[in-house]
Amino acid sequence: MAMPRSPLAAGAAARRGGSEPVVAMRLGFERRDASRVELRGALVFASAAAAHAEGLRHLAAVAAGGGVDFDCAALSDADSAGLAVRIEWKAAARRRGVRLRYTALPDSLVRLARISDVERLLLAG
């Protein structure tokens, strides 16, 4: 018996021209050292909520006055939801007194930030 799909999954399948189920995209985090976390995978609408929570956990591990780099070199995809998550991580870091810096941001994401007039929020160190 087939599992019912959510309206969101059905709509995405229809836009792709097929009926196969949508595979959830995921963003992975790997702490490389005390000041660097590598982001791997897709930071898009489908992964944004879980990624937001996981990013906040990594920020909470940094002492006030400290800093951390989120290395984006291994990102495979990013969209406006991913941009919003990154801006929120910046705001959360600032509230905690932590310096958050993004390294190796994909050019497409920087362009999206620029046309959305939020580039300075994303790139502020």
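**Close-up views of a predicted model**

**View 1. Serine 47 is a buried loop residue.** Its relative accessible area is 4%, and buried means under 20%, exposed over 50% and partly exposed in between (1.4 Å probe, protein chains only). This is a predicted model: local features need pLDDT of at least 70, side-chain atom pairs count only at pLDDT 80 or more, and totals for chains, interfaces and linings use all residues. Residues are numbered from 1 along each chain as its sequence is written, and side-chain values use heavy atoms, with hydrogens and water left out. Serine 47 sits in the loop between β2 (36-43) and α2 (48-60). Helices (H or I, at least four residues) and strands (E, at least two) are DSSP runs, numbered from the N terminus. Serine 47 touches Met25, Arg26, Leu27 and Ala42, not counting residues up to four places away in sequence. Contact means heavy atoms within 4.5 Å.

View 2. The structure holds four aromatic pairs. Rings of Phe, Tyr and Trp (its six-membered ring) pair if their centres lie within 6.5 Å; planes under 30 degrees apart count as stacked, over 60 as edge-to-face and the rest as tilted. Phenylalanine 29 lies in strand β1 (residues 27-33) and phenylalanine 70 in strand β3 (residues 67-78), so the pair ties together parts 41 residues apart in sequence. Both phenylalanines are buried.

**View 3. Phenylalanine 70 also pairs edge-to-face with tryptophan 89.** The centres are 5.2 Å apart, with 85 degrees between the planes. Tryptophan 89 belongs to helix α3 (residues 80-96), 19 residues from phenylalanine 70. Tryptophan 89 is buried, at 0% relative accessibility.
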